[in-house]
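Reader: I am new to this structure and would like to learn how to read it; could we look at it together?

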Amino acid sequence: MPLIIANKGKIHTYICQDCGHVYHRKRRIDTKRFVCGRCQGRLNYQGTEIITLKK
Ligand SMILES: [Zn+2]
């Protein structure tokens, strides 16, 4: 699953536990307040990826 991200850095990954939609955020979000934009479901924190782009 390739990620298209302009800047390198840390990306936090969240997945909606209801519909499975994946969210990538540069900043950590409050999963108690931030809900899925599709189904309003709760998000599960999946971990942090280090993104490095090489040319
Ligand atoms: Zn959802």
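Reader: Which residue in the turn of the hairpin formed by E1 and E2 has a positive phi?

Author: Some ground first: this is a predicted model, in which local features need pLDDT of at least 70 and side-chain atom pairs count only at pLDDT 80 or more, while totals for chains, interfaces and linings use all residues. Residues are numbered from 1 along each chain as its sequence is written. Strands (E, at least two residues) and helices (H or I, at least four) are DSSP runs, numbered from the N terminus. Here E1 and E2 form a hairpin with five residues between them, and Gly20 in the turn has a positive phi of about 80°.

Reader: How many bridges join strand E1 to strand E2?

Author: Two strands pair if DSSP finds at least two bridges between them. Strand E1 (residues 9-16) and strand E2 (residues 22-25) run antiparallel and are joined by four bridges; Ile15, for one, has Val22 in E2 as its bridge partner.

Reader: What order do the elements of the protein chain follow from the N terminus on?

Author: The order is β-β-β, with three strands and zero helices in the protein chain.

Reader: Why does Phe34 count as partly exposed?

Author: A residue is buried if 20 or more other C-beta atoms, placed from the backbone, lie within 10 Å of its own, exposed if 12 or fewer, and partly exposed in between. Phe34 counts as partly exposed because it has 13 C-beta neighbours inside 10 Å. Phe34 is found in the loop between E2 and strand E3 (43-51), and buried residues make up 4% of the 55 residues in the protein chain.
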